[in-house]
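I opened this entry to look up the ligand site and then the charged pairs. My notes follow in the order I checked them.

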Amino acid sequence: MSVQNDNVSRLTVVDIAKLYGDGTRIATITAYDYPTAALVDQAGIPLILVGDSLGQVMLGYDTTVRVSMEEMLHHTRAVVRGSRRAIVVADMPFLSYTTPEEALVNAGRFLRDAGAQAVKIEGGVRSARIIEALVRAGIPVMAHIGLTPQAINTLGRVRVQGKNRDAARALLADALAVQEAGAFSVVLELVPGQLAEAITERLRIPTIGIGAGAGCSGQIQVITDVLGLGEWTPRHARKYADLHGVILGALGSYRADVEAGDFPGSAETVLMDPGVLDEVLGRSDADRASGAGSLGGLAGIPLDRDL
Ligand code: KIV
């Protein structure tokens, strides 16, 4: 018998700081639903991000700009229900943190209504004021600099950030600004490996890289990329499974079995007491003795054509 331990306590930002202090690289991954969050938790991954990549990988939007607060809250609740140990960080969607007041109301909903332990917001220097207000109110913040997908309409396209001198310096300034504002960690997305390493060396908070090389304090990946659920894998991701192939194969077999009449089989079918069925259909000894059984089963459930 397997016994569920309900006393597993959730990690907090203090535990993430301890992992960082111990020199443990922090494995982080996105999740968007209950069963996946449970698997991530079982795998011992300490930090789950309910990323607004939800929009593209789960909801079929073209960019993260389309994702709403309600959608993020709905999926955050599911991830919180599915996980018991990992700290759950909710991504604040586009236009949900344009002022400190707005950010406080919306971040508060992620912690109070959805059960997340922290929020993530995009932007470095430009978001420092918001981060400070949230942290002061007791809301832990993961910052996100480098490629910030919510700014895709001003950035133009997805590409590596910080490659020239000015852009690299601006990125370092962003990293220092979010640290000073009180962020407990910072995501570095699509940043040259050497620059990410240099930023990591200069910070007292963990850097969590995606497409930023191995010199970060931890890594984050979009779960569908790691599991091979989509048809395409970004260059920075490693495909640890081919769920696309596995699921297609399984669905093809299911369809073939149904079409061939091989599913369900006896193992997947529940039978009833045949005597009870005979009574229902007017085929019992009593029915036969009264002659009702010979009247086309009319003593039991009539066939549609007999009505
Ligand atoms: O939304 C997301 O999944 C993210 C990660 C890529 C960091 O922001």
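The model I am reading is predicted.

Entry 1, the site. I asked which pocket the ligand takes up, and the space taken by the ligand is the largest pocket.

I looked up side-chain atoms facing oxygen atoms of the ligand. For S53, a side-chain N or O atom is 2.5 Å from a ligand oxygen. For D52, I read 3.0 Å between a polar side-chain atom and an oxygen atom of the ligand. For D91, the distance from a side-chain N or O atom to a ligand oxygen is 3.2 Å. I then checked cover: the ligand alone exposes 260 Å², of which the protein buries 96%.

How many salt bridges does a search of the whole structure find? I count ten. Side chains of opposite charge can pair when their charged atoms come close. I looked up R204 and E180, whose side chains form a salt bridge at 3.6 Å, N to O. I also looked up D166 and R165, which form a salt bridge with their closest N and O atoms 3.9 Å apart. Both D166 and R165 are exposed.

Terms used:
Residues are numbered from 1 along each chain as its sequence is written. This is a predicted model: local features need pLDDT of at least 70, side-chain atom pairs count only at pLDDT 80 or more; totals for chains, interfaces and linings use all residues. Side-chain values use heavy atoms; hydrogens and water are left out. A polar contact is a pair of N or O atoms within 3.5 Å; within protein, one must be able to donate a hydrogen and the other to accept it, and residues adjacent in sequence count only if both atoms are side-chain atoms. Accessible areas come from the Shrake-Rupley method with a 1.4 Å probe; for residues, only the protein chains shown count as cover. On a 1 Å grid over the protein atoms alone, a cavity is a set of points where a 1.4 Å probe fits but cannot get out, and a pocket is an open set with protein on both sides within 12 Å along at least five of seven lines; lining residues have an atom within 4 Å of a point. A molecule sits in a cavity or pocket if more than half of its atoms lie within 2 Å of its grid points. A salt bridge is a side-chain nitrogen of Lys or Arg within 4 Å of a carboxyl oxygen of Asp or Glu. Buried means under 20% relative accessible area, exposed over 50%, partly exposed in between (1.4 Å probe, protein chains only).
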